[in-house]
Protein chains: 2
Amino acid sequence: MEKISKRQLERLPLYLKYLYSLDDTSIDNVSAPMIASALGLSTEQVRKDIQLISSSNGKPKQGRNVKELIEDLVSFLGYNEHDDAVVIGVGHLGQAFMNYKGFDKFGLNIVAGFDVDSKLIGTSINNKKIYDLYQLDSIIHELGVKIAILTVPSEVSQVVTNRLVNAGIKAIWNFVPTHLDVSEDIVVENVNLASSLAILSHKLKKID
Amino acid sequence: MEKISKRQLERLPLYLKYLYSLDDTSIDNVSAPMIASALGLSTEQVRKDIQLISSSNGKPKQGRNVKELIEDLVSFLGYNEHDDAVVIGVGHLGQAFMNYKGFDKFGLNIVAGFDVDSKLIGTSINNKKIYDLYQLDSIIHELGVKIAILTVPSEVSQVVTNRLVNAGIKAIWNFVPTHLDVSEDIVVENVNLASSLAILSHKLKKID
């Protein structure tokens, strides 16, 4: 398999979303220029991305079959094999994730939540049980989960991360705006809303 | 003012978070190597970033005063001047944003929400009223809001965006995983959770 860059990987879910929207119409075939124009990208970029993930070649002037390309993307992104995940910290954002039904389409299956709040422990959100954070090790072991979605207060993020790694977690989707110190074999993907907001405000001030 | 890159801007909220954590301790001064080591960055990078945003020079061997550096960062990031914003689409994620009390620290003040669900319209979340999406133009005008947080279903994201721009919105914090077509004077900052998740899964599969 050819190497894929982070930027390429980021674009693939956008292609998939666009192709799903076409799949509801009478359009059977799609070309790189069509996708590029719909998503505000360059045709060359789209062509390269599709070559990387697609099993078949497109026909000249006809483009590619929408359904086939959807299948290729879904398979490449692993959306057909579901990964189980737990939510660590069931505050507003953690609750939103547990309630959200759309992760299923992206191959992610949230199976449980963890918190320290006694009012939350033992209750369920969207049929997913909330456990005591102190039971982390045994339950993660029992569930065999590899992915944790981290939405705890930043003061405790490193301590909780250490416990997650000890319990067998291999990948952390980190929504806490702090740097997590982990060994090289642990995957961390940071979503820093504060940074994103800083960029938005800065751009807005420049055009004001 | 020197030009700041996107990557630099993304790092500033992380510095601030770290400095706030020091401010609760007895540590009065901080050096670039200290910050770099705490956040997993290079000292050279941190030094350049701080030079860009700081009004005073650090003293050799003493570093910089934590409180002063916090003030410089807060002022540079505009966190002392609050921008009003509205949430468009009060689903799980939109509700989480309306409930979240932490945006205040980042200079963002959510004043209202908009939705099409009659069960939500007229109710309040965290003392912020939810209005009918069809009243968008008049209420955004009345409130004088410039920033919209977009969390609507992707099928309607472009239509809603057009209405937001017509109503006077200048910046869109976009959580919908679709490309938004806007004129050049409108700022869009995309937070694509599907793309972020694709990167996490891909990295996890490589180490499996």
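Predicted model: local features only at pLDDT ≥ 70, side-chain atom pairs only at ≥ 80, totals over all residues.
Q: How many strands form the open sheet in chain B, and in which order?
A: The open sheet has 7 strands, in the order β5-β6-β4-β3-β7-β8-β9, and the pairing is mixed.

Q: Which are the edge strands?
A: They are β5 (124–125) and β9 (187–190) of chain B, each of which pairs on one side only.

Q: And in what sense do β7 and β8 of chain B pair?
A: Strand β7 (residues 147–150) and strand β8 (residues 171–174) of chain B pair in the parallel sense, over 4 bridges. Within this pairing, Ala171(B) in β8(B) is the bridge partner of Ile147(B).

Q: Which strands does helix α6 of chain B touch?
A: Helix α6 (residues 136–143) packs on the sheet and touches β3 (83–88), β4 (108–115) and β6 (128–132) of chain B. Its direction makes about 165° with that of β4(B).

Q: Where does helix α7 of chain B lie?
A: Helix α7 (residues 157–167) lies across β3, β7 and β8 of chain B, and runs at about 170° to β7(B).

Q: Turning to helix against helix, how do α1 and α3 of chain B cross?
A: The axes of α1 (residues 6–23) and α3 (residues 43–53) of chain B come within 11 Å and cross at roughly 90°. The two helices, α1(B) and α3(B), are therefore roughly perpendicular to each other.

Q: Which residues make the contact?
A: From α1(B) come Gln8(B), Arg11(B), Leu12(B) and Tyr15(B). From α3(B), the residues include Val46(B), Asp49(B) and Leu52(B).

Q: What kinds of residue are in that contact of α1(B) with α3(B)?
A: They divide into 5 nonpolar, 2 polar and 3 charged residues.

Methods: Residues numbered from 1 in each chain as written. Chains lettered and ligands numbered in written order. Heavy atoms only, no water. Pairing = 2+ DSSP bridges. Contact = heavy atoms within 4.5 Å. Axes fitted to C-alpha atoms, helices over the stretch in contact; angles between N-to-C directions. Parallel < 35°, antiparallel > 145°, perpendicular 65-115°, else oblique. Nonpolar A, V, L, I, M, F, W, Y, C, P; charged D, E, K, R; others polar.
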